[in-house]
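Please keep the sequence and the coordinates in view while reading.

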Amino acid sequence: MIEEGRPIFLQIAEQLADDIISGAYPEESQVPSTNEFAAFHRINPATAAKGVALLVDEGVLYKKRGIGMFVAAGAREKLLAARTETFDHDYVRPLTREARALGLAADDVITLIRKDMDR
Amino acid sequence: MTPSAPIAVEADGLTRRYGETVAVDRVGFRLEHGRIHGLLGRNGAGKTTLMRMLTGQEFPSSGRARLLGGEPAENADVLRHLCFVKESQRYPESFRPRHVFRVAPWYFENWDAEFAGRLADAFRLPLNRPIKKLSRGQLSAVGIILGLASRAPVTFFDEPYLGLDAVARQIFYDRLLEDFAEHPRTVVLSTHLIDEIAGMLEHVLVIDRGRILLDADADDLRGRAVTVVGTAGAVDRFVAGRETIHRTGIGGLASVTVTGLDAEGRRAATDAGLELAPVSLQQLIVHLTRASARDFSEAPA
């Protein structure tokens, strides 16, 4: 749901992206209209439109004139690639930085990750 | 959003004095057409006086107001595009709500009687009860129905929810958003219940002691401030040289709200072992209004 303290249009774009990654909106399927987003989240329609426009700019959504917004072919892959990059930046780099500080080798880190992922 | 967007409401050096008191002090801004604007501020900040001047209900002491490009005061051409829902609207002595809604189309060319009827049902408004016997909340509902069903190109709501319970206020917000999506127009909503309506606003004006404290897009403000929490020493080192708008602490812990923290700054804070908490629009405005009060009292006399 929408939280205060962060731009709402970004949150709309992120939620839509999450739903495309999870498969809730498959490629070539129609996504809700900005007015539907606005009513559902109780937000300004212009703000919802801004969030949707962000994904249009990234080539994740495209507009069918007179019908609505659709998920582009290859959108999921594109989003996953972007998320992987963010994952690398936000999680892996701090992890390796800390690992170096502790004197852990790559194999030690991988062992720890394996253990955690198998849990 | 674009610089060329048409302007619905404009103030330029707008000032209103009552004797020694300056209720509105050299205020200037432009409100774009087709958006929902919030006029936010504490009680007595000058919201109502400002709205009264913008809608031609009151003459400014100096400066000027513009509504759809024209002078609002006594200007029928401009005022027929306006609906102003006042906190203390008066109706003819013998009127009942159904009379109000029957005469509404004389004043509002876009009046939607069917929509008004649905709203009256939603608010459970007794259409046949004399206006003077309505509760405060029912009276507010009459004003809200007028404001929504008139579909005036420019609609002002001045704290329109007095006496309405949370359910009825939510009905108002939902219907406003729905109808705005279908019939875009300029809405100016004054309120001090910021949390309730924050998501509906595209643009906000914050007024305090008759002056505009903030004039910005709501979504731009949401990322603007963040609260940094941690041990007092670490927090102090981190916020040194940054613009802080609020500070509180307990024991050895400090919590300081700073503005203008970018991604790099956020990372630096996390690296320093500090926690970051988001700041809502309401909290931001409370902090800013308090900070301004402090500036005011600390200013040399």
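The paragraphs below treat the chains, their domains, their helix packing and some individual residues.

The structure is a predicted model, in which local features need pLDDT of at least 70 and side-chain atom pairs count only at pLDDT 80 or more, while totals for chains, interfaces and linings use all residues. Residues are numbered from 1 along each chain as its sequence is written, and chains are lettered from A and ligands numbered from 1 in the order in which they are written.

**Chain B as a whole**

Chain B contains 11 helices and 13 strands; helices (H or I, at least four residues) and strands (E, at least two) are DSSP runs, numbered from the N terminus. Along the principal axes, the C-alpha atoms of chain B fill a box of roughly 65 × 40 × 40 Å. Chain B has 301 residues, of which 41% count as buried. A residue is called buried if 20 or more other C-beta atoms lie within 10 Å of its own, exposed if 12 or fewer, and partly exposed in between, with C-beta atoms placed from the backbone. Among the contacts in chain B with a separation of 6 or more, 69% join residues 24 or more positions apart. Two residues are in contact if their C-beta atoms, placed from the backbone, lie within 7 Å.

**Domains**

In chain A, 6 residues of domain 1 are in contact with 4 residues of domain 2. The side of domain 1 of chain A that touches domain 2 of chain A comprises 4 nonpolar, 1 polar and 1 charged residues. In this classification Ala, Val, Leu, Ile, Met, Phe, Trp, Tyr, Cys and Pro count as nonpolar, Asp, Glu, Lys and Arg as charged, and the others, Gly among them, as polar.

**The contact between the chains**

Chain A contributes 18 residues and chain B 20 residues to the contact. On the side of chain A that touches chain B, the elements giving two or more residues are α1, α2 (34-41) and α3 (45-57) of chain A. Of these, α2(A) gives the most, with 4 residues. By class, this side of chain A has 9 nonpolar, 5 polar and 4 charged residues.

**Helix packing**

Two packed helices are described by the angle between their axes and the distance between the axes. Here the axes are lines fitted to C-alpha atoms, for helices over the stretch in contact, and angles run from 0 to 180 degrees between N-to-C directions.

In chain A, helix α1 (residues 8-22) packs with helix α4 (residues 75-101) at an angle of about 115 degrees, and their axes are 9 Å apart. This angle makes α1(A) roughly perpendicular to α4(A); angles under 35 degrees count as roughly parallel, over 145 as roughly antiparallel, 65 to 115 as roughly perpendicular and the rest as oblique. From α1(A), residues Ala17(A), Ile20(A) and Ile21(A) meet Ala75(A), Arg76(A), Leu79(A) and Leu80(A) of α4(A). The contact of α1(A) with α4(A) has 6 nonpolar, no polar and 1 charged residues.

In chain B, the axes of helix α4 (residues 113-122) and helix α5 (residues 136-149) come within 9 Å and cross at roughly 150 degrees. The two helices α4(B) and α5(B) are therefore roughly antiparallel to each other. Phe115(B), Ala116(B), Leu119(B) and Ala120(B) of α4(B) make the contact with Ile145(B), Leu148(B) and Ala149(B) of α5(B). The residues of this contact of α4(B) with α5(B) are 7 nonpolar, no polar and no charged.

**Individual residues**

Most residues other than glycine have a negative phi, and most peptide bonds are trans. Glu28(A), in the loop between α1 and α2 of chain A, has a positive phi of about 70 degrees although it is not a glycine. Glu28(A) counts as exposed because it has 11 C-beta neighbours inside 10 Å. Leu68(B), in the loop between β4 (62-67) and α2 (76-79) of chain B, also is a residue other than glycine with a positive phi, near 50 degrees. Leu68(B) counts as buried because it has 20 C-beta neighbours inside 10 Å.

Arg119(A) lies in the segment after α5 (106-118) of chain A and is exposed, with 5 other C-beta atoms within 10 Å.
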